[in-house]
Amino acid sequence: ALLIGLWSVWVSGVLLIALSLYATQRLPLSKNRIFSHTSFSDLDTPKITIFTAPAPFTGSSGTKQSLAIRSWLALSPQISVILFSQHHSAASFAKSFGSRALVESDIDFTFLGVPFFHSMVAKSRAFKSDIYVFMDTETILLPDFVLALNYAHNLDDDWLLFASPRDVPNFPFYLDEDRKHWLKDGQRIRIQEDTLGSSWQWSCCDSRMVIAWNNGVMPLHHGVLPPFLYGKGVYNHWLINEALSSGLRFVFDASWTISNIALGDSRRQSNCLVKSSNVSDIEKGSWEYDCNSHLAAVYGLSSLHGFNYSAVMKLVKCDSQYLLNNATEDFLHTYAYKRKSLWKRHIPNCWRSKTTLACVVRTIKTRNETSGCSLKDGSVHTKTLKLSFSLESLLAITADENKTVVLTVAGYSYKDMLMSWVCRLRRLRITNFLVSSLDYETYQFSVMQGLPVFNDPSAPSNISFNDCHFGTECFQRVTKVKSRLVLKILKLGYNVLLSDVDVYWFKNPLPLLSSFGPATLAAQSDEYNQTRPINLPRRLNSGFYFARSDAPTISAMGKVVRHAATSGLTEQPSFYDTLCGEGGSTRKGDNRCVEPGTNLTVHFLDRNLFPNGAYLGLWERKNVKSACKKQGCLVLHNNWISGRVKKLERQVISGLWDYDITTRMCLV
């Protein structure tokens with residue numbers, strides 16, 4: 001009897017389910033179709049890593065950043081924060097959070113300390129996480145952030161989401177000492193959208209968007225990520241547009257399900273993406289914004305297709321249900337994304353309440369009012385890029401505490417070698433360098449790479465694409481530019497270490513070079529014979545020397561420049577003949593000479609520490625780096641070789657190369 005009873009119950013259940021399914025199919029379909037996801041109480045919170053680049057934690061900006069980051073970490077123990085910064089205040093701030101907040105400085109920065117977005121994204125891959133988030137440091141997050149990411153984490157395929165910022169000019173709330181509860185006037189309060197009242201408004205500010213993606217198999221987009229300057233606009237819209245165009249990931253707008261509260265600051269609005277009618281007023285004079293705009297125009301598909309919010313899937317929440325809506329179609333999608341298209345389900349109207357449908361319609365209508373944010377409207381344009389800094393201001397910014405700068409001079413055919421040289425100096429934590437461009441193309445390239453570059457109006461023309469190597473007329477003209485620039489900077493009160501871009505630095509030579517006293521010019525010797533004196537006639541290499549800003553040096557350099565101006569050779573013979581006398585008449589010992597008119601001493605540097613390209617056959621060694629390190633080289637000059645291509649090949653093959661020309665990033 002018991003078995004018969006159980007059998008009856010089972011049969012009844014099956015019949016009831018079948019009847020329900022039949023009735024469902026017979027009911028009329030709703031004009032809107034809705035799908036609710038599994039309750040989040042049944043899901044584990046994924047590991048979320050937030051990446052950002054803070055300004056120094058000082059003043060009002062530091063206070064806002066501190067509040068924002070604390071709000072992120074308070075949401076879940078599964079959230080950690082990576083701060084890309086070179087400033088000591090970031091490390092001090094991160095200490096109080098232990099392993100949940102780390103500082104990362106081993107990425108590419110501009111000379112002003114602005115990180116590159118592509119370098120940040122590349123570095124993020126070194127951190128193991130389920131979800132990667134990039135966002136502005138002055139942005140408050142609320143609990144709906146974790147809920148929305150929980151939902152996204154359970155989508156069927158790889159995805160990328162974004163959330164537009166909500167500007168809040170006055171945010172009167174703060175966290176308690178335990179960083180667990182929001183307070184206002186000492187009283188606990190739960191911050192929700194209605195708590196902010198009417199004080200907030202949607203913003204199209206690109207740099208303050210929240211961008212997140214899962215740790216999946218598919219890349220974010222086809223092609224490479226350009227060297228955008230982080231926090232300077234355009235790059236988030238570019239990334240969204242490229243992800244949509246590539247079709248490798250499901251891209252959706254989570255602006256209505258993630259409260260991305262941007263703490264108001266009018267000073268930061270210059271880097272926001274706004275409608276075209278305001279671009280000329282807000283972005284005018286921002287070379288960093290112009291640089292990002294130029295990159296967006298020449299990379300990817302953004303220059304061909306405008307970005308339009310209305311065509312993007314939107315994640316909304318009504319009656320505790322997460323819904324995906326496409327405003328261009330008259331239905332809602334389910335969450336099941338299958339790369340090529342979304343799986344669309346027809347869900348009966350009777351399964352959902354009228355309030356849910358009304359909520360969906362109201363949300364969609366309100367969100368569409370912000371669809372005026374457009375990459376096409378104002379961000380993609382090409383114009384001449386120009387730093388808003390004179391040579392004098394660049395010197396003041398870059399010089400070290402001893403008023404010393406490292407100067408290099410480059411033309412466009414040597415742009416990649418220039419960047420390898422820059423990357424090496426960055427690796428050595430040397431930041432007091434300047435670049436003089438010999439042509440317009442090099443200047444534009446250097447600006448986009450975040451270099452402290454200036455354009456020399458006295459540089460010879462028509463050299464951009466010439467093979468300007470040793471022995472050519474072009475090379476003779478270019479070398480004379482270097483001595484003129486050094487003299488100009490010396491007169492401005494700065495010491496100069498002139499280094500050609502083909503000089504590879506193993507260690508920082510400045511401490512040793514600075515130890516030479518006043519009225520001394522320290523220069524590399526070009527002598528390759530191990531048994532001969534290193535100060536023989538015309539063995540002074542003008543591609544690497546250190547000059548102090550003192551009266552004897554300035555006067556002697558003036559003589560070199562005047563001599564070179566009347567010479568049909570390069571500047572190098574003018575250096576030796578002027579400072580050491582023709583034929584070496586003022587040589588002193590085996591490694592010095594004295595210019596009699598100014599009493600300037602020229603010290604020829606030890607070749608074991610500063611070898612030229614022919615000394616000891618170092619470039620022919622099987623392992624050049626190991627041989628040089630064993631010898632104790634501070635630098636190694638890639639000279640005594642004919643032709644730019646051969647010079648480039650020798651340096652790359654040897655492993656003394658620090659720049660990836662494909663990604664435009666320094667090699668790790």
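A: Let us begin with a term needed for what follows: two residues are in contact when heavy atoms of theirs lie within 4.5 Å. The model shown is a predicted one.

Q: What covers the buried residues of helix 13?

A: The cover includes helix 8 (287–298), helix 12 (415–427), strand 20 (404–410), strand 21 (433–437), strand 22 (453–455) and strand 31 (659–660). The residues of helix 13 that are buried are Thr442, Tyr443, Gln444, Phe445, Ser446, Val447 and Met448.

Q: Why is helix 13 described as largely enclosed by the rest of the structure?

A: The helix spans residues 440–448, and seven of its nine residues are buried, so the rest of the structure largely encloses it.

Q: Which contacts and backbone angles mark the ends of helix 13?

A: At the start, the backbone nitrogen of Glu441 has a side-chain oxygen of Asp439 within 3.4 Å. Just after the helix, Gly450 adopts a positive phi of about 75 degrees.

Q: How do strands of a sheet pair?

A: In general, they pair through backbone hydrogen bonds, in a parallel or an antiparallel sense. In this structure, strand 2 (residues 79–84) and strand 3 (residues 101–104) are parallel, with four bridges. Leu83 has Val103 in strand 3 as its bridge partner. Together with helix 3 (residues 88–95), strands 2 and 3 form a right-handed β-α-β unit.

Q: Where is antiparallel pairing found?

A: Antiparallel pairing is found in an open sheet of three strands, ordered 8-9-10. Its edge strands, strand 8 (174–175) and strand 10 (187–189), each pair on one side only. Strand 8 is joined to strand 9 (residues 182–184) by two bridges in the antiparallel sense, and Trp182 in strand 9 is the bridge partner of Leu175.

Q: Is Phe127 buried or exposed?

A: A residue counts as buried when its relative accessible area is under 20%. Phe127 has 18% relative accessibility and therefore counts as buried. Phe127 sits in the loop between helix 4 (117–124) and strand 4 (131–134). Apart from neighbours within four places in sequence, the contacts of Phe127 are Phe51, Ile82, Leu102, Glu104 and Tyr132. Thr49 is 78 residues from Phe127 in sequence, yet the C-alpha atoms are 8.2 Å apart.

Q: How many residues does the protein have, and what share counts as buried?

A: The protein has 668 residues, of which 57% count as buried. Among contacts with a separation of 6 or more, 75% are between residues 24 or more positions apart.

Technical notes:
Residues are numbered from 1 along each chain as its sequence is written. This is a predicted model: local features need pLDDT of at least 70, side-chain atom pairs count only at pLDDT 80 or more; totals for chains, interfaces and linings use all residues. Side-chain values use heavy atoms; hydrogens and water are left out. Buried means under 20% relative accessible area, exposed over 50%, partly exposed in between (1.4 Å probe, protein chains only). Two strands pair if DSSP finds at least two bridges between them. A crossover is right-handed if, with the strands pointing away from the viewer, the path from the first strand over the helix to the second runs clockwise. A polar contact is a pair of N or O atoms within 3.5 Å; within protein, one must be able to donate a hydrogen and the other to accept it, and residues adjacent in sequence count only if both atoms are side-chain atoms.
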